[in-house]
Amino acid sequence: MPALWMSGLRKRFGARELWAPLDLTVEAGETVALLGANGVGKSTLLRIAATASRPTAGALVVDGVDAVRSPDQARPRVGLQPQDAPLYAELTPHEHLRWWARLHGVAVDPDATLVQFGLAQAAHRPSAVLSRGQRQRVALALASLPDPPLLLLDEPFTALDAAGATQVEALLAARRGRKGTLMALHDEALARRVADRVVRLDRTGVHPA
Amino acid sequence: MSDGRFRALLWKDARRELRGKESIAAGVVLVLLFYVLDLFAFPTLAGAPRTAAAVLWTPLLYAAGALAGRAWAAEADRGTLELLRAAPVPLLSHGLSRWVVNLVITLALALVGFVAGGALFALPVTVEVALPLALGAVGLSILASLAAALAAQARSRDVLLPILLVPLAAPLLQAGIAATLSALAGLPLSEARAPLLVLAAYDLVALGVSLVLWPILLEGE
């Protein structure tokens, strides 16, 4: 069963159609990198896959669940790291993780997760004072917290130092062969290094790169 | 959704308010500023029940709108609506959680106004005066939360919120003021039965409508 299956997917903002109807499959255990020019709609595609945005038309199945018809059932099967790493300014990384684990109904040791993502020093600081890289790490930790069948990463290497980038690669390696991952990237060389398959999004749809 | 997950949402929303303290502090200051202004305008409210009703209800209407508007604007501006949309719970539960926290703060502000009315204008501090204000706070917090969530992502949200809120709240305000006038005239609750029933029914209908609207309002573009 694929982690993600999109067929004839369309998205329109007002009169503007983002792409011709597109098809995309991410198999369970596969890591797919999505390349594309700025503004072509990579983030929108990830948000649709995460049920954070509704497609105008087409089929969307996440881990066997029809995500267009039953988004509430599909949502727990997806982890999304949005591009801007949005966090609550008043809450600390430790509180974000504890909250997210409770929402997923999983028992997680926030301290261990924070150490894994290199956030031990920032664990109890309000998110408002974190650096962009630290916020990105928290967003990655939240997205991967329940080890979801489908992980969606929007420019996961942005703002990360070398250690952070290594942690993302370790996360991808740990999922390979087990769970599906789709990530939007700009750097084609990096995409070819970390992904099993690289595809390109343009106005005509998704094509092998 | 399980109780544990809803409690987690409530915990997050309450924690943000308690840690930030901005909404509570701004709400209390707003209510008290209205009363200070009223002190200059109306040295006494004896024999002026309609003015007294306006003194009690105006800060409540403003505070409910400002509280909800601020909360949802912060979600939109900081991008955390994206976080909510990616959370593994139905979208409805985010709206309900935010409303419950807003309701508690709005009720607290109604209490501040109620006490200030008694202290500064010698208005009766009775159940007959408090009940319409409490029922009004429930309905206003629902309407304000819905209107604020709808307006949050609009460029002109500061204009849009009152334009949406005040007409929707008109029947509630009319019934609330009628019940308050009855209380200020020293009549028992039974004499204000009709407007109180309208207030309670309005609250229930508003809550029912909100259950349908929250998932639509919170769904991303």
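Chain A, seen here as a predicted model, is built from seven helices and 12 strands. Its C-alpha trace spans about 45 × 35 × 35 Å along the principal axes, and its radius of gyration of 17 Å agrees with the value near 17 Å that a compact globule of 209 residues would have. Of these 209 residues, 55% count as buried, while the chain exposes about 8100 Å², of which carbon and sulfur atoms supply 52%. Among the contacts in chain A with a separation of 6 or more, 69% are accounted for by residues 24 or more positions apart.

Helix α6 of chain A shows how one element is placed within this fold. The helix comprises the 14 residues 162-175 and reaches 20 Å from its first C-alpha to its last, close to the 20 Å expected at 1.5 Å a residue. Its buried residues are A:Gly164, A:Ala165, A:Val168, A:Leu171, A:Leu172 and A:Arg175. They cover an arc of only 115° around the axis, which puts them on the same side of α6(A). An α-helix has 3.6 residues a turn, so residues three or four places apart point the same way.

What covers this buried side? The buried residues of α6(A) are covered by elements of chain A that include the strands β5 (31-35), β9 (150-154) and β10 (180-184), together with the helices α5 (132-144) and α7 (188-194). The face turned away from the buried side carries the exposed residues A:Ala162 and A:Thr166. Just after the helix, A:Gly177 takes a positive phi of about 85°.

Note on methods
Residues are numbered from 1 along each chain as its sequence is written. Chains are lettered from A and ligands numbered from 1 in the order in which they are written. This is a predicted model: local features need pLDDT of at least 70, side-chain atom pairs count only at pLDDT 80 or more; totals for chains, interfaces and linings use all residues. Side-chain values use heavy atoms; hydrogens and water are left out. Helices (H or I, at least four residues) and strands (E, at least two) are DSSP runs, numbered from the N terminus. The expected span of a helix is 1.5 Å times one less than its number of residues. Buried means under 20% relative accessible area, exposed over 50%, partly exposed in between (1.4 Å probe, protein chains only). The arc is that of the directions from the helix axis to the C-beta atoms. Contact means heavy atoms within 4.5 Å. The radius of gyration is taken over C-alpha atoms; the globule rule is 2.2 Å times the number of residues to the power 0.38. Accessible areas come from the Shrake-Rupley method with a 1.4 Å probe; for residues, only the protein chains shown count as cover.
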